[in-house]
Amino acid sequence: MDAASVWRDAQSRLDEAVNLTGALDFDVAGAEIVSVAKPRPATLFGTGTVEKIGDWIRDEEADLVMVNGQLTPIQQRNLERAWKAKVIDRTGLILEIFANRAQTREGSLQVQLALLSYQRSRLVRTWTHLERQRGGRGFLAGPGERQIEIDRRLIGDKLAKLRRELEEVKRTRDLHRKARRRVPYPIVALVGYTNAGKSTLFNRLTQSEVFAEDMLFATLDPTMRGLELPSGRKVILSDTVGFVSDLPHDLVAAFRATLEEVLEADLIVHVRDASSPETDAQKQDVLEVLKELGLQQVIDGAELVEAMNKADLLDEEDRLAVLEQSSRQDNTIVVSALTGENCDNLLRLVENRLTAEMPVFQVLVPYANGKALAGLYQQGEVLNRIEGNDGISIEIRLDETRLGRFEDWCQKNGLELYSL
């Protein structure tokens, strides 16, 4: 995050780390904020801090320590030696959560890809038990180093195989996208910080039963359902994986195939947790990932709607503040996915945004051509109908993707088409 980003409170970051750990059903024996004035290359923390934490680990008989930051392979190895316990950093923890949550073949492949990329850099730690077997004649590497190279090559081969399999999955997903474009229905993607309530909102809007729990990364694999807007117009709603601060770059890259549903979306609904004191910082984290995906123009344009969720958890004072803030922005609405509050208005806002840039045409239909008149209502959204001497004048709004077929349909039915 750059210097202009919203600053995060240390306690809030610690609370999130505890929740992340809890997502794997671990019993958290304790958590502590440790100030690091100058990171040590060997252990990250100073000698006194390492000894203090080591004493606490022995007293609690803890067998796993999570450091809420990025550890180098050397730091991870040295801390494990000092603490006599398994040590993982934030990246390793998130990858472990993803590995436990992936349900589809695509999700599993992407997790394996990210995990292997991460483990490849950790071989210095994995093979330390072979260091004492060094031999050779000085210019030859010992058995330990040879084993590291063998393992690195094996992981490299596995990574190449996974990338090929993911390409196959991506091609299948591309075929599905092309099929949807032929329909075609606009795609609306839900994005947001993990645990912001995306899946609950998805279930509310589509009457589905996607897994939704009050936990981080409850949803990993993308889900898509048809959704009918107030006018009767159909769209495809996509529920995507939640974002988190300091999301590992390898993970963003590995899950790019899943996140391409966001890239293909006609409109993005950013679901925010209005009840969280970190909501502004979480917003910046989500926008950073969207920028990394190349969606800067969406952030700056009209293709982004903000749904300030969990209004039911706000007290009266906070609720008034959020309502007042959202009233000053034409792309923001306060909702509660749990109670359904304002969800209808959210759908109207989505519809208004989708139709704002759609072209409008006028079609003159002779009175004798009742079949064509009925067919017009199937082609697009009829905005106005005026009966005149020569026939019925219809104003109709269309998706640009359907314009070519609509022109052919009008010609086939002997109708005159005028652009407004």
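This is a predicted model: local features need pLDDT of at least 70, side-chain atom pairs count only at pLDDT 80 or more; totals for chains, interfaces and linings use all residues.
Local features are reported at pLDDT of at least 70 and side-chain atom pairs at pLDDT 80 or more, while totals for chains, interfaces and linings use all residues. Residues are numbered from 1 along each chain as its sequence is written, and side-chain values use heavy atoms, with hydrogens and water left out.

A nonpolar core is here a set of buried Ala, Val, Leu, Ile, Met, Phe, Trp, Tyr and Cys residues joined through side-chain atoms within 4.5 Å. Buried means under 20% relative accessible area, exposed over 50%, and partly exposed in between, with a 1.4 Å probe and protein chains only. The largest such core has 27 residues, and those touching the most other members are Val191, Phe243, Val262, Ile268, Val286, Leu290 and Leu295. Two or more residues each come from helix 4 (90–101), helix 5 (105–120), strand 3 (187–192), helix 11 (279–292) and helix 12 (296–300); helices (H or I, at least four residues) and strands (E, at least two) are DSSP runs numbered from the N terminus. A second, separate core comprises 24 residues, including Leu201 and Leu237.

Leu201 also takes part in the meeting of two helices, where Leu201, Arg204 and Leu205 of helix 8 are in contact with Cys343, Leu346 and Leu347 of helix 14 (contact: heavy atoms within 4.5 Å). This contact has 5 nonpolar, no polar and 1 charged residues; Ala, Val, Leu, Ile, Met, Phe, Trp, Tyr, Cys and Pro count as nonpolar, Asp, Glu, Lys and Arg as charged, and the others, Gly among them, as polar. The axes of helix 8 (residues 198–206) and helix 14 (residues 343–355) come within 11 Å and cross at roughly 85°. Axes are lines fitted to C-alpha atoms, for helices over the stretch in contact, with angles from 0 to 180 degrees between N-to-C directions.

Salt bridges, in which a side-chain nitrogen of Lys or Arg lies within 4 Å of a carboxyl oxygen of Asp or Glu, number 14. One of them joins Glu32 and Lys52 at 3.3 Å, N to O. Because Glu32 lies in the loop between helix 1 (10–22) and helix 2 (47–60) and Lys52 in helix 2, this pair ties together parts 20 residues apart in sequence. Glu32 is partly exposed at 48%, whereas Lys52 is exposed at 51%.

Arg272, Asp280, Lys283 and Glu306 are linked in a network of salt bridges.
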